[in-house]
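Hi everyone, thanks for making time this morning. I'd like to walk you through one structure, so please have a look at the screen.

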Amino acid sequence: MSMPISTPTRRQAARDLWGLLEPIHAVVYFTPEPLEEFRAAGYRGYWMGYFAGRAAPLGGVGADVVHALFYNFAYERVSRALPAAWSFAPPHEALAARTRGSVRALRRALGPAADGPDVARAAELATRAAQSAPLEGRALFAANRSLPVPQEPLAQLWHAATLLREHRGDGHIAALTAAGIGGRESHVLHAIASGIPREVYTPARDFDEAEWTSRRDALNERGLVEDDQLSLRGQQVKSEIEDRTDQLAATAYDALTDGEIDELARLLRPLTRAVVREGDIPLDNPMGLDLRGTLDQP
């Protein structure tokens, strides 16, 4: 019988698995196949499909609920898509479209491996973790977990990746809120910390120069930013947010042994590399992922 993984190792494992699972989930946002499926369902434009697909597990909700749960989008962007999207196609059609499109994208990236035993085993392990993760305080994760689990392994893997990323995301929002970092400020804080160009957030999160400057100045006034770099206090706050996020995310893997966590990571690495190498997901992206590191892994 293997020894339990220590808490710091569990936290690191949760972070590592996020880096491997997020690109598998993120095909729904960046690849052409889901966009085709959303258009075929009747949704108009990229953003209507985005908000309809991601919000659909919640039912036919409006802009206020989605703005609160998604946390970092401009309210005007959300309100242009919802609740209008539901007059074009109901939530159950958005759910079907996002799964179909994501599975098609993954099949293109993985080729014959899409139907192989590694995908099936990774789906089994990730699903067991996702289904056992705590629900309390995690509304978007809970909405996704209430959906039926797909039987086809590749669809099941995408579904599990979606659950685990929304579980982590709900925890991350809790950590940001506790630290007093608003959704829009969180983008600026992360961009300064990681060196991601501001231009990444212009189309992805509707930032103009005036708002970006205003949010940066607010962080400066709080002593978190100095000369367009994180201050020592800013570095501490950012580190505490990330550590708490990892701590909360690690609870999703309590159902797996240390050996199973290692196995899941091993199985996911070549799958994730194949997805990233397709080039659909930008290396500089608003998700906070270092995809260059994924490509550099052996």
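Let me begin in the interior. In helix 13, the buried residues are Gly234, Val237, Lys238, Ile241, Glu242, Thr245, Asp246, Ala249 and Ala250. Please keep in mind that we are looking at a predicted model.

So what covers those buried residues of helix 13? The cover includes helix 1 (7-30), helix 9 (153-178), helix 10 (183-194) and strand 2 (229-230). Helix 13 itself runs over residues 232-250, 19 residues in total. From its first C-alpha to its last, helix 13 reaches 27 Å, close to the 27 Å expected at 1.5 Å a residue.

Now let's turn to helix 6, which spans residues 91-110 and has 20 residues. Its end-to-end C-alpha reach is 28 Å, close to the 28 Å expected at 1.5 Å a residue. Among the buried residues of helix 6 are Pro91, Ala94, Leu95, Arg98, Gly101, Val103, Leu106 and Leu110. Just after helix 6 comes Gly111, with a positive phi of about 60 degrees.

Next, a stop in a loop. Ser146 sits between helix 8 (139-145) and helix 9. Is Ser146 buried or exposed? Its relative accessible area is 57%, and exposed means over 50%, so Ser146 counts as exposed. If you want a distance to go with that, the C-alpha atoms of Ser146 and Asp64 are separated by 21 Å, with the two residues 82 apart along the chain.

Let's zoom out to the whole chain. How many helices and strands does the protein chain have? There are 15 helices and two strands. The radius of gyration is 19 Å, close to the 19 Å that the globule rule gives for 298 residues, so the chain is as compact as a globular protein of that length. Along the principal axes, the C-alpha atoms fill a box of roughly 55 × 50 × 35 Å.

What about contacts and burial? Of the contacts with a separation of 6 or more, 73% are between residues 24 or more positions apart. As for burial, 52% of the 298 residues count as buried.

Finally, the surface and the charges. The protein chain exposes about 13100 Å², and carbon and sulfur atoms supply 52% of that area.

How values were computed
Residues are numbered from 1 along each chain as its sequence is written. This is a predicted model: local features need pLDDT of at least 70, side-chain atom pairs count only at pLDDT 80 or more; totals for chains, interfaces and linings use all residues. Side-chain values use heavy atoms; hydrogens and water are left out. Helices (H or I, at least four residues) and strands (E, at least two) are DSSP runs, numbered from the N terminus. The radius of gyration is taken over C-alpha atoms; the globule rule is 2.2 Å times the number of residues to the power 0.38. Buried means under 20% relative accessible area, exposed over 50%, partly exposed in between (1.4 Å probe, protein chains only). Contact means heavy atoms within 4.5 Å. Accessible areas come from the Shrake-Rupley method with a 1.4 Å probe; for residues, only the protein chains shown count as cover. The expected span of a helix is 1.5 Å times one less than its number of residues.
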